[in-house]
Amino acid sequence: MPQKESRLALVRRARRINRILAETYPDAHCELDFADPLELLVATILSAQCTDKRVNMVTPVLFAKYRTAADYAAADRDEVEQIIKSTGFFRAKTNSILGMAQALCDRYGGEVPGKLKDLVTLPGVGRKTANVVLGNAFGVPGLTVDTHFQRLTRRFGWLDETDPVKIEHEVGTLIPKAQWTVFSHRIIWHGRRICNARKPACGACPLTALCPSYGAGPTDPVEARKLVKTGPFS
């Protein structure tokens, strides 16, 4: 049995991983298209169980038709459903968007609040969505614990948790707070491009020396490079 990693060693390894990901993905950013906090909030709600590419195909029509929270609150449900239908779960997403918009009008003067405690009170908005909006529209550091984030942090051997809130708090103790948002992008980009869910491209990964899961996918560089993906992504 390998010796258990000390807390200090874990923190150092996590920060080395972060530095290498920063070098690998210097342009990592949110891959949803948006111009303001409301657009990002709507796009993030639509991105559940859907690719960013598909969301970005739908939102230009949606954003042109509905520009304010009041517009969404007064929207015809059937019209919204038709526009967003291709993103999947369109009835539930429509409920969330219209309910969220009404709550913004009722409680926040139609403006998207810039605090986590307020955002999570909105229909269809959990911590993950709230952190996406805070980090990318307000510049408030936040960790976006999506499926990629959960998979990679477990593969890195940072934790055994499956609860997103516990994962968020634990990883928050490993990575400097100022980098939480961009670190989330780096992790998500790596999960979409190299550390795939079914067969990670281990032989093409820059983290091989730091990852205890090395070998979960092909280690031969030629075979691994065939698995590396390019965007746009889910």
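Mentor: One term before we start. UniProt positions are given in the numbering used here, and such annotations may be inferred rather than shown by experiment. Also, this is a predicted model.

Trainee: Okay. Which residues does the "binding site" annotation cover?
Mentor: In the unreviewed UniProt entry, the "binding site" annotation covers Cys195, Cys202, Cys205 and Cys211. They span 17 residues in sequence, yet no two of their C-alpha atoms are more than 11.0 Å apart, so they gather at one spot.

Trainee: Which of that set are in the lining of the largest cavity?
Mentor: Cys195, Cys202, Cys205 and Cys211 are part of that lining.

Trainee: Take Cys202. Where is it found?
Mentor: Cys202 sits in the loop between helix 11 (180-193) and helix 12 (221-225).

Trainee: Is Cys202 buried or exposed?
Mentor: Buried. The relative accessible area of Cys202 is 7%, and the cut-off for buried is under 20%.

Trainee: What does Cys202 touch?
Mentor: Leaving out residues up to four places away in sequence, Cys202 touches a list that includes Thr208, Tyr214, Pro218 and Ala224.

Trainee: And Cys211, where is that found?
Mentor: Cys211 is also in the loop between helix 11 and helix 12. Cys211 is buried, at 18% relative accessible area. Setting aside neighbours within four places in sequence, Cys211 is in contact with Arg155 and Phe156.

Trainee: What about the lining by class?
Mentor: The largest pocket is lined by eight nonpolar, 13 polar and five charged residues.

Trainee: Which domains does the lining draw on?
Mentor: At least three residues come from each of domain 1 (7-28 + 143-227) and domain 2 (37-138).

Trainee: Last one, helix 2. How many of its residues are buried?
Mentor: Nine of the 10 residues in helix 2 (residues 37-46) are buried, so helix 2 is largely enclosed by the rest of the structure. Among the buried ones are Leu38, Glu39, Thr44 and Leu46.

Trainee: What do those buried residues pack against?
Mentor: The buried residues of helix 2 pack against helix 3 (52-65), helix 4 (69-73), helix 5 (77-84), helix 6 (90-107) and helix 8.

Terms used:
Residues numbered from 1 in each chain as written. Predicted model: local features only at pLDDT ≥ 70, side-chain atom pairs only at ≥ 80, totals over all residues. Heavy atoms only, no water. 1 Å grid on protein atoms, 1.4 Å probe; cavity = no way out; pocket = protein on both sides within 12 Å on 5 of 7 lines; lining within 4 Å. Helix = DSSP H or I, 4+ residues; strand = E, 2+ residues; numbered from the N terminus. Buried < 20%, exposed > 50% of the residue type's maximum accessible area, 1.4 Å probe, protein only. Contact = heavy atoms within 4.5 Å. Nonpolar A, V, L, I, M, F, W, Y, C, P; charged D, E, K, R; others polar. Domains from an automatic or database assignment.
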